[in-house]
Amino acid sequence: MGVVPMVTLSNGQLMPVIGMGTMSMVGPEATKPAVVEAVRAGYRHFDTAYSYRSEKALGEGIQEALELGLIESRDEVFITTKLACGFADPSLVLDGIKASLRNLGMEYVDMYLIHIPLKLNPQVRKVPVAKEDISQIDLKGVWDKMEFCQNLGLTKAIGVSNFSPKRLQQLLSFAKIPPLLNQVEMSPLWHQDKLREFCKANDIHVTAYSPLGAVGTHWGHNKVVDSDVITQIANAKGKTSAQIALRWVYEQGVSIVAKSFDKERMRKNIDIFDWSLSEDESAKIGQLPQYKAVVFANVYGQHDVVLDLDAEL
């Protein structure tokens, strides 16, 4: 079983530095057993979102792991979920977290994030989203309710996802409880240098999603795992290209959410902590051309009425 290090967040909360992502096209019938296998492999951090439709399967997988004795209590796992854009209204935030908790079958989550700084019509059921269904988020009002959720004990901590330095600065100007974490796309081909510098200066931890370029999805690419530079380093070290990429991201001082439902790859993805990259290897990876995987225009269209997330991030 892999041993995953912990990172201490600015509130003193401990979080495993690598989590299992549960955004998947395969459905709950595959998610639940994958979660059980992940617990068996050593994962203790699980990332979901209301919009992923994986919360229920994740909760059932954690419950099965408890029944099997793989873990002794809910407190042994760190659960992150996210406020859907359809709930991104001050009047709906509490409903949003309660809906997620019902799905998970849990009394609290460890981290609750604003998924994207946008507001959608709650009736939206397909993408790309029509222009009239998207509007600006009332960030101050929504964050006030996020703080309320933490004060109620429904989440141990709050944070954001897909926030640029500009958006974070806006949030910090009025937040009574500052965001602990910003989850954003980051990989060897998308470094987020400016954003990470801002977050470090403001005690906001960065978690990287799509560290392998969202390979296997219709919006992602295989440019990370198929990189000649990464492959050469992997061959020389007896590792997989995914392990090299994940280790590089980890060495930038961030935590990681990585998704694989394959047992072998799942285990290899957390077997990255008892070795390191040389300065030369790290530098070669750091010089790779930059390429973004998650293009928000694919989902939200090219609508000027909304924040240009792709340009900001």
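Mentor: Two strands pair if DSSP finds at least two bridges between them. Helices (H or I, at least four residues) and strands (E, at least two) are DSSP runs, numbered from the N terminus. This is a predicted model, where local features need pLDDT of at least 70, side-chain atom pairs count only at pLDDT 80 or more, and totals for chains, interfaces and linings use all residues. Residues are numbered from 1 along each chain as its sequence is written, and side-chain values use heavy atoms, with hydrogens and water left out.

Trainee: How many helices and strands does the chain have?

Mentor: Twelve helices and twelve strands. Eight of the strands form a closed barrel with parallel pairing, in the order S3-S4-S5-S6-S9-S10-S11-S12. From one strand to the next, the twist averages 25°. For angles, axes are lines fitted to C-alpha atoms, for helices over the stretch in contact, and angles run from 0 to 180 degrees between N-to-C directions.

Trainee: What holds neighbouring strands together in a sheet?

Mentor: Strands of a sheet pair through backbone hydrogen bonds, either parallel or antiparallel. Look at S9 (residues 158-161): with S6 (residues 111-114) there is a parallel pairing over three bridges, and Val 160 of S9 is the bridge partner of Ile 114. S9 also runs parallel to S10 (residues 181-185), joined by two bridges, with Val 160 opposite Asn 182.

Trainee: Which way do the side chains of S9 point?

Mentor: In a regular strand the side chains alternate between the two faces of the sheet. Here Ile 158 and Val 160 point one way, Gly 159 and Ser 161 the other, and all are buried. Buried means under 20% relative accessible area, exposed over 50%, and partly exposed in between (1.4 Å probe, protein chains only).

Trainee: Is S10 enclosed or open?

Mentor: Five of the five residues of S10 are buried, so S10 is largely enclosed by the rest of the structure. Five bridges join S10 to S11 (residues 205-209), and the two run parallel; Glu 185 stands opposite Tyr 209 there.

Trainee: What sort of crossover does the chain make from S10 to S11?

Mentor: A crossover is right-handed if, with the strands pointing away from the viewer, the path from the first strand over the helix to the second runs clockwise. From S10 through helix H6 (residues 193-201) to S11, the β-α-β crossover is right-handed. S9, helix H5 (residues 165-172) and S10 also make a right-handed β-α-β unit.

Trainee: And which residues have the most contacts inside the largest nonpolar core?

Mentor: In soluble globular proteins, nonpolar side chains tend to be buried together. A nonpolar core is a set of buried Ala, Val, Leu, Ile, Met, Phe, Trp, Tyr and Cys residues joined through side-chain atoms within 4.5 Å. The largest one here has 83 residues, and those with the most contacts inside it are Phe 46, Ile 62, Ile 79, Leu 83, Ile 114 and Met 146. Its largest share, six residues, comes from helix H8 (residues 241-250). A second, separate core of six residues includes Cys 85 and Ile 134.

Trainee: What does Ile 62 touch?

Mentor: Contact means heavy atoms within 4.5 Å. Leaving aside neighbours within four places in sequence, the partners of Ile 62 include Val 35, Phe 46, Ile 79 and Met 106. Across the chain, 73% of contacts between residues at least 6 apart in sequence join residues at least 24 apart.
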